Amino acid sequence: MRDCAAGARETGDTGGMSLRRYVASGRGGSGAILPVFLASLIVGVLVGALEGLVSQWLSLFLVFPALIGVGAGAAAAAMVHRFKLRAPGLALLIGFAGGAVGYTADHVVTYERFRSELIDVFKREQPGASDAEASAELDRQLAAKVGSPGFVGFLELAAREGVRVKRTGEKDEHGMSFTGTAAWILWGAELLIAAAVAAAMAWAKAREPFCEDCDAWYGTAMPVASGGAGSKEMYRQMTSALEVGDVDGAARAFFAPTRKPRAMFALSAATCGRCGGDAWCRLDRVMTQKRAQRSKLATWLMTRSDLSQLTDSLGRAKSGAQGQ
Ligand SMILES: [Zn+2]
């Protein structure tokens, strides 16, 4: 994550603009923890359980765990927003837990299906046996075969039989198979994927700009200007010009002519809808070929009057660049 290098430095009275980094306050914890956690957990478990049901016909390595993470992460992010949680580290931990539990639910559902199928088999073989007797017999056989009864015994059995990374049907025997320790490593990696995706989504939401004075999130970032070369070199020129308060220089760097532009800059800004506090600026690089892939170059806070100066200069620089 690169934040504007100029942002960390206060330029004070030297005529420079005061570009600062937005840092989440860490507030909003106590009331938000429970709803963020419950939402992340419930949606993570629902998606995980659904995948556990579907897994008898279809199971996709990486994709299925990532979907659990997306479900848990989206739910956590929605609650982070609603309950105004500005503690990214806390949001990250909660999202991680939701994704991890959701992934485990996937295996628990598969385990329950395995268990009920085998209990039915026992009861057919011994018509007099009760559910409890058949259940006890299953655990006894599991313990005898792999050393542990219950859920752990089931996982151990599945690991010994081998886990295929891609399964699209009962008879599908193609694809790589992981056996023993490799199967446990595969499951560990999948659990980390589900947890990391959910954690990243919750973390990113809690880092969005928030006005502590008005107790409200900033509005949506609106486009300020786009165009130029989108190059690292011009980006550096632009930020060092801004650092010393040279708005026109920054705008010229933004719209500097290039022979074969493969990318362009996109500057957007968000503000608090209730007060005249700082504007939160975001500079992106947008690839102009193939997909319009967007990557963040920098974010910073600046006063609204500084932003309107910059906007004016960008307007002049753009018409100047078009006039050439
Ligand atoms: Zn405000």
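What distance separates the centres of domain 1 and domain 2, taken over C-alpha atoms? The separation is 44 Å. The model is predicted; local features need pLDDT of at least 70, side-chain atom pairs count only at pLDDT 80 or more, and totals for chains, interfaces and linings use all residues. Residues are numbered from 1 along each chain as its sequence is written, and side-chain values use heavy atoms, without hydrogens or water. Domain 1 covers 5-22 + 211-323 and domain 2 covers 29-206; the bounds come from an automatic or database domain assignment.

A zinc ion is coordinated by the SG atoms of Cys211, Cys214, Cys272 and Cys275, at 2.2 to 2.3 Å. Donors are N, O and S atoms within 2.8 Å of the metal (3.2 Å for Na, K and Ca); water is not among the atoms, so sites may look incomplete. The donor angles of 105 to 113° make the arrangement tetrahedral (four donors, all angles between 85 and 135 degrees). Along the chain, the donors follow the spacing C-x2-C-x57-C-x2-C. Cys214 lies in the loop between strand 5 (210-211) and strand 6 (216-217), and Cys275 in the loop between strand 8 (263-270) and strand 9 (279-287), so the pair ties together parts 61 residues apart in sequence. Strands (E, at least two residues) and helices (H or I, at least four) are DSSP runs, numbered from the N terminus. Cys275 is partly exposed, with a relative accessible area of 23%.

Phe37 lies in helix 1 (residues 29-54). Its relative accessible area is 31%, which is partly exposed (buried is under 20%, exposed over 50%, partly exposed in between; 1.4 Å probe, protein chains only).

Definitions and conventions. Four donors count as tetrahedral if all angles lie between 85 and 135 degrees; four count as square planar and six as octahedral if opposite donors are over 155 degrees apart and all others between 65 and 115; anything else is irregular.
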